[in-house]
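Let's take a walk through this structure together. Keep the sequence and the 3D view side by side as you read.

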Amino acid sequence: MNIKFLKAGSGDSILIHHKKYNVLIDGGNDSSYLINEVNEIYSKEEAIDLLIITHHDDDHIKGIIELVKSIKNGNYGKDFIKRVLFNSPRKILGLVPLPQNDNLLSYKQSFELENLFLELSIKWEQCTEETAQIVFDDLKIDFLSPTSEDLNMYSSHKSVRLSDAKCDWTSTMSELEKYIDDENQDTSLPNKCSIVINVECDDKKVLLTGDVTPDRLELIVLNLLAESLTDRLSFDYIKLPHHGSYRSLNRKILEKIKCNNYIFSTSSKRHYLPNKRALLKLLKFVKRDKDKLDFIFNYNEALINLQITEKEKEKYNFKLTPNNKDYGIII
């Protein structure tokens, strides 16, 4: 198995390859590299065996719309996408017609994608923590969130955007240490309804968090801990929620996790993400031995924007790793 965290603008686009199987999770808001990867899949006479859209934010769904439009225009074939998991607002709430409200770009895009699916006779399913494990050979995909209750509470009038009012890139890590409390957390219901996925294969365990909120992620962690009968959850890699926002992490979560490798998926061109304070939370609260934490970026530009010095890396004992491929990261 390999997992590619593609350069996808300010959002996520994750492509899992395992033997002849391909799983696509989100499409970002820049589909350039995604389309290249899809072309390669098609050239091998393979398909997208599973498409997962974690939620309907622009920076997760726009690239999928462009991909499906390409199928509509005669590329790839109508059967190229085999199965779709997508908690679209209209499917959940019956939002017809489209609600007339401000700041609803993501809802309009969700409706557009639903209409494309209908035109192409592509069926899609809701996904919750109760969705059965999906297996491709020895690749196992488990769904940890959202809950059915949260989907039922989904409100079409809540904003889907999360941004920080202030950039923290120009401040030193020492200066920022006193500003990493958990008082200002993301609580938005649309983000809480993100699909959260655990991927296991080849003795590798990867947590993909979408834009999930910290209160929901904390419950996921507690549930997994209860099942595992351990004091800390171990992962080989964690894709951090909401592109490295400090508002999406808290101490209660991080103290229950054992992981050395954290992935930041963003071009760093929106909302001053990732936050340097997110790195500090990880460094301060993740329980570790002597191993350095490795912060991995699918865009080198995001790493550079953080303005972290060599002295800071030495003082806080961590590494910064830029993208290892032109298209982003492969693990």
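Start at T266: leaving aside neighbours within four places in sequence, T266 is in contact (heavy atoms within 4.5 Å) with G9, S10, G11, H243, L273, P274, N298, Y299 and A302. You'll find T266 in the loop between β13 and α10. Helices (H or I, at least four residues) and strands (E, at least two) are DSSP runs, numbered from the N terminus. T266 has 1% relative accessibility, so it counts as buried; buried means under 20% relative accessible area, exposed over 50%, and partly exposed in between, using a 1.4 Å probe and protein chains only. A polar atom of the T266 side chain also lies 3.0 Å from the backbone nitrogen of S268.

A quick word on what you're looking at. This is a predicted model, where local features need pLDDT of at least 70, side-chain atom pairs count only at pLDDT 80 or more, and totals for chains, interfaces and linings use all residues. Residues are numbered from 1 along each chain as its sequence is written, and side-chain values use heavy atoms, with hydrogens and water left out.

Now follow the chain into helix α10, residues 276–285. Nine of its 10 residues are buried, so the helix is largely enclosed by the rest of the structure. Among the buried ones are K276, R277 and F285. What do they pack against? The buried residues of α10 pack against α6 (173–176), α9 (251–254), β13 (261–264), β14 (293–297), α12 (310–316) and β15 (318–321).

Some of those strands belong to a sheet. Eight strands form an open sheet with mixed pairing, in the order β6-β7-β8-β9-β11-β13-β14-β15; two strands pair if DSSP finds at least two bridges between them. β6 (134–136) and β15 stand at the edges with a single partner strand each, so one side of each has no neighbour in the sheet. From one strand to the next, the twist averages 20°. β14 and β15 pair in the parallel sense over four bridges, and I296 stands opposite T321 in β15. α10 packs on the sheet too, touching β13, β14 and β15, and its direction makes about 155° with that of β14. (Axes are lines fitted to C-alpha atoms, for helices over the stretch in contact, and angles run from 0 to 180 degrees between N-to-C directions.)

How far can you trust the picture? The protein averages a pLDDT, the predictor's confidence in each residue from 0 to 100, of 91, and 92% of the residues score at least 70. Over residues 155–164, though, the pLDDT is below 50. Where pLDDT is low, the predicted coordinates should not be read in detail.

Key. A polar contact is a pair of N or O atoms within 3.5 Å; within protein, one must be able to donate a hydrogen and the other to accept it, and residues adjacent in sequence count only if both atoms are side-chain atoms.
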